[in-house]
Amino acid sequence: MTLLLLGEFEDTQVWISAIKTHQPDLKIEVYPDVDNLADIDAVLVWMHPLGVIEKFPNLKVIISTGAGVDHILRDPNLPANIPIVRLVDESLTSQMSEYILLAILQFHRQFADYKIQQNQQLWRGLSPRNTENCTVGILGLGVLGSDIAQKLNILGFSVRGWSRTPKILDNINCFSGETQLNLFLSECSVLVCLLPLTPETEGILNQKTFAALPQGAYLINVARGKHLVEEDLLTALTSGQLSGACLDVFPIEPLPENHPFWRHPQIIVTPHIAAKTIPTCVAPQIITAMQNSQEGLILNNTIDLSKGY
């Protein structure tokens with residue numbers, strides 16, 4: 001079997017070493033240095049050059065390095081008959097929940113206000129917020145959304161979730177479909193976006209969505225930059241409809257130097273680090289996906305192309 005690393009990797013050698021720990025004899029190549037296009041059995045992908053995947057005549061599986069696959073589906077020449085597998089890993093889930101918990105607690109415990117007071121050398125306690133009265137709404141109840149929902153519930157937050165299709169989670173108030181979106185939003189003190197990026201969800205964080213939230217709500221986007229209509233966020237912050245935002249993802253990355261988010265006092269910017277795939281943690285999944293594709297066995301965590309996730 002031959003695996004090809006295709007796209008943008010910070011350090012290909014780290015990936016190669018992690019994978020070969022589990023299968024030392026596996027041949028691994030790094031695009032564009034390919035000996036023979038016909039030898040490629042699997043591609044491990046992140047932000048690949050468009051139109052390349054279709055060039056491998058014996059390709060059996062496409063593996064996304066992360067939980068999202070919109071970076072693959074953006075390719076107009078993607079072979080329709082090749083299964084796409086996304087990596088689902090406990091470390092990725094834990095990292096995402098840690099990030100969201102930190103962002104929520106900083107908002108809930110008013111750290112931004114205390115930072116302002118620190119700069120003013122002002123010693124003054126603010127009135128505490130009741131955790132039970134802070135409702136956190138989670139857009140997207142997949143693996144990541146379900147995990148953070150349960151952890152927030154344990155901490156005593158009121159948690160509700162919204163998904164495209166109906167879901168049932170213990171102690172979580174679940175909503176689904178377009179008809180229940182505004183009802184879901186109506187009580188969210190904090191809104192967390194964990195949706196997959198599809199034509200239906202692109203731009204969902206917009207003026208209409210913000211207007212349906214209680215005044216002063218807080219936004220956290222850890223899904224994809226294209227979920228957010230940036231001008232609508234700036235308008236909502238100026239009007240006071242939103243009190244702040246924590247953003248880890250952007251339509252253009254890195255965020256341009258002159259972008260208004262960089263210096264906005266109500267926005268926290270992080271460089272797409274909420275959850276990063278650790279090669280040593282996911283290497284066994286990569287090997288299993290390759291072996292199962294070779295043997296015609298069921299693949300785990302495959303993508304439904306009709307849904308886009």
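How many residue pairs are in polar contact between domain 1 and domain 2? The count is two residue pairs, both at pLDDT 80 or more, where a polar contact is a pair of N or O atoms within 3.5 Å; within protein, one atom must be able to donate a hydrogen and the other to accept it, and residues adjacent in sequence count only if both atoms are side-chain atoms. On the side of domain 1 that touches domain 2, the largest share, three residues, comes from helix 9 (residues 279-295), helices (H or I, at least four residues) and strands (E, at least two) being DSSP runs numbered from the N terminus.

This is a predicted model, in which local features need pLDDT of at least 70 and side-chain atom pairs count only at pLDDT 80 or more, while totals for chains, interfaces and linings use all residues. Residues are numbered from 1 along each chain as its sequence is written, and side-chain values use heavy atoms, with hydrogens and water left out.

**Overall form**
- The secondary structure of the protein comes to nine helices and twelve strands.
- With a radius of gyration of 21 Å, close to the 19 Å that the globule rule gives for 309 residues, the protein is as compact as a globular protein of that length; the radius is taken over C-alpha atoms, and the rule is 2.2 Å times the number of residues to the power 0.38.
- Taken along the principal axes, the box filled by the C-alpha atoms is roughly 65 × 40 × 35 Å.

**The two domains**
- Domain 1 (1-87 + 276-305) and domain 2 (89-267) divide the protein, with bounds that come from an automatic or database domain assignment, and their C-alpha centres lie 32 Å apart.
- Eleven residues of domain 1 are in contact with six residues of domain 2, contact meaning heavy atoms within 4.5 Å.
- About 750 Å² is buried between the domains, and carbon and sulfur atoms give 49% of this area, which is the accessible area (1.4 Å probe) that two parts lose on being put together, summed over both.

**Salt bridges**
- The whole structure holds seven salt bridges, each a side-chain nitrogen of Lys or Arg within 4 Å of a carboxyl oxygen of Asp or Glu.
- One salt bridge is found across the interface of domain 1 and domain 2.
- R224 pairs with D70 in a salt bridge whose closest N and O atoms are 2.8 Å apart.
- E10 and K276 also form a salt bridge (2.7 Å, N to O); because E10 lies in the loop between strand 1 (2-7) and helix 1 (12-22), and K276 in the loop between strand 12 (267-269) and helix 9, the pair ties together parts that are 266 residues apart in sequence.

**Backbone features**
- Most residues other than glycine have a negative phi, and most peptide bonds are trans.
- The peptide bond from Y31 to P32 is cis, with omega near 10°, and P32 lies in the loop between strand 2 (27-30) and strand 3 (42-46).
- From E253 to P254 the peptide bond is cis, with omega near 0°, and P254 is placed in the loop between strand 11 (242-247) and strand 12.
- Q121, although not a glycine, has a positive phi of about 55°, and Q121 lies in the loop between helix 4 (111-119) and strand 6 (135-139).
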